[in-house]
Amino acid sequence: MADEPALKHNSPWLFGILGIPNGLSNAIIVILMPYVLRKQGVSVDRIAEIVALASIPNVWYFLYSPVVDLGLRRRTWILLSASTAGLCSALAILLIPVSLPAVTVTLFTAAALGSVISSANGALLTFLQPSVRGRASGWYQAGNLGGGTVGGGLAIWLADRVSLPLLAVASIVLIVLPATAALLIEERPAPRRALLPLFADLFRDLGEVLRSRRAWLGLVFFLSPVSSAAVSNLISGLGPDYHAPANEVMWISGIGGGLLSALGSFVGGFVCDRMNRMIAYAFAGGLSAVFAVYLAFAPSTVWTYGLGYSGYAIAAGFGYAVFTALVLEVLGQRRHAAGTAYSLFVASGNLPILYMTWLDGVGYGHGAVKGLMTVDAVANGAGALVLLAIARYTQRYWKQTEPEIVTVPRA
């Protein structure tokens with residue numbers, strides 16, 4: 001059950017704005033900070049260590065995500081987590097000349113706080129009508145991927161033109177400003193309840209999710225290498241393999257790639273509301289495999305780099321939107337554990353990004369860029385065929401059993 005004003009007012013496009021703070025929070029860590037640290041004379045291996053440690057919360061943030069299901073409204077959590085993540089990001093920038101261990105700790109804290117934005121948004125997405133969750137997923141990932149990448153590029157542009165204190169202030173503004181869109185969210189306040197019954201209902205609701213066949217079938221998809229888009233984590237370092245100048249690398253792997261990923265997310269969200277999402281998931285993997293094959297075997301030119309990664313970026317955005325839509329379909333309506341369960345599945349979906357990034361690197365070590373792209377193409381292509389077979393076999397048992405949400409007047 002949901003109140004009528006929330007259903008009518010919380011349009012799918014609103015989640016395009018609410019996805020930006022999470023994307024920007026990550027972009028500060030993985031896009032801006034490596035650039036600024038390198039300018040300050042920090043070695044590449046030390047930068048890699050800092051970024052890797054700071055990114056750990058993206059895998060295990062589901063352990064503390066239950067906070068968004070307790071007490072405060074989810075829109076309040078978005079505002080709080082964006083504000084505190086922005087402050088920690090700014091502090092990390094200011095600490096660069098002072099102490100690298102302190103930079104690592106504050107970036108880690110920023111990532112931990114920023115990940116709560118994802119949990120809160122996931123809970124709000126589950127409250128939408130099933131018929132529009134695909135579009136909302138597309139909008140959300142467009143903001144997360146496109147907004148994060150473009151915002152990270154803007155932050156790098158500023159880093160060449162302003163002092164560290166001004167860059168710190170700008171990072172706060174970039175993260176917090178889009179988060180204020182949460183004020184437009186219509187959400188009924190949670191009733192005041194004792195803490196023990198609240199936790200009991202949360203774990204009962206979560207247990208119901210984890211006992212369902214949908215959850216375990218969904219994990220087969222989420223833990224597979226399909227649509228992990230691991231090449232996106234490495235593409236900026238592959239410019240020399242395709243004889244691509246620095247400016248082309250910046251535009252193709254940065255702002256251009258982010259905008260194309262956003263386009264792919266829009267298309268993926270549209271498709272998810274019109275076809276079986278498991279089949280769409282497999283299709284996304286096949287699409288990634290096609291462009292990875294092109295990048296592997298086409299001539300090593302700037303044209304191949306630009307065209308191949310442009311297609312791969314669109315496929316990545318498409319896959320991210322389908323992933324979110326499938327997570328929402330697995331969850332259905334959750335009264336007590338929406339944010340917790342959403343975070344658990346998203347964290348599982350982050351694991352393939354890590355292991356595929358490593359495997360792609362192993363492929364590069366054995367066969368340079370052709371080896372890297374071949375590993376990625378085989379993982380996505382073969383995985384897509386397996387998931388397609390699973391989807392075809394199980395779709396007869398996976399009927400849309402969740403009814404459209406019944407609206408009731410606000411009490």
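Biologist: Is Arg135 buried, exposed or partly exposed?
Modeller: Arg135 is partly exposed, with a relative accessible area of 35%. Keep in mind that this is a predicted model.

Biologist: Okay, and which residue forms a salt bridge with Arg135?
Modeller: That's Asp273, and the closest N and O atoms are 3.2 Å apart. Asp273 sits in the loop between helix 12 and helix 13, while Arg135 is in helix 8, so the pair ties together parts that are 138 residues apart in sequence.

Biologist: What else does the side chain of Asp273 meet in a salt bridge?
Modeller: Arg277, at 3.2 Å from N to O. Arg277 counts as buried because its relative accessibility is 9%, under the 20% cut-off.

Biologist: And where does Glu329 come in?
Modeller: Glu329 forms a salt bridge with Arg277, with the closest N and O atoms 3.6 Å apart. Arg277 belongs to helix 13 and Glu329 to helix 14, so this pair ties together parts that are 52 residues apart in sequence. Both of these residues are buried. Put together, Arg135, Asp273, Arg277 and Glu329 are linked in a network of salt bridges.

Biologist: Nice. How many salt bridges are there in total?
Modeller: The count comes to three.

Biologist: Switching to rings: how many aromatic pairs does a search of the whole structure find?
Modeller: Seven. One of them is Tyr242 with Tyr305, a tilted pair at 5.5 Å centre to centre and 40 degrees between the planes. Tyr242 lies in the loop between helix 11 and helix 12, and Tyr305 in helix 14, so the pair ties together parts that are 63 residues apart in sequence.

Biologist: Are those two buried or exposed?
Modeller: Tyr242 counts as buried at 0% relative accessibility, and Tyr305 is buried at 0% too.

Biologist: Which residues do ring pairs link into a cluster?
Modeller: Phe222, Phe323 and Phe345. Phe222 is also among the buried residues of helix 11. Seven of the 10 residues in that helix are buried, so helix 11 is largely enclosed by the rest of the structure.

Biologist: Last topic, the surface. Which residues form the nonpolar patch?
Modeller: Trp13, Ile17, Trp139, Leu184, Leu263, Phe266 and Val267, with about 600 Å² of accessible area together. Helix 12 gives the largest share, three residues. Leu263 is found in helix 12 and is partly exposed, with a relative accessible area of 42%.

Biologist: And what lies over the face of Phe270?
Modeller: Arg274, at 3.7 Å from the ring centre.

Key. Residues numbered from 1 in each chain as written. Predicted model: local features only at pLDDT ≥ 70, side-chain atom pairs only at ≥ 80, totals over all residues. Heavy atoms only, no water. Buried < 20%, exposed > 50% of the residue type's maximum accessible area, 1.4 Å probe, protein only. Helix = DSSP H or I, 4+ residues; strand = E, 2+ residues; numbered from the N terminus. Patch = residues over 30% accessible without salt bridge, like charges linked within 9 Å, V, L, I, M, F, W, Y side chains within 5 Å. Areas by Shrake-Rupley, 256 points an atom, 1.4 Å probe, with all protein chains shown as cover. Salt bridge = Lys/Arg side-chain N within 4 Å of Asp/Glu carboxyl O. Phe/Tyr/Trp six-rings, centres within 6.5 Å; stacked < 30°, edge-to-face > 60°. Lys NZ or Arg CZ within 6 Å of the ring centre and 35° of its normal.
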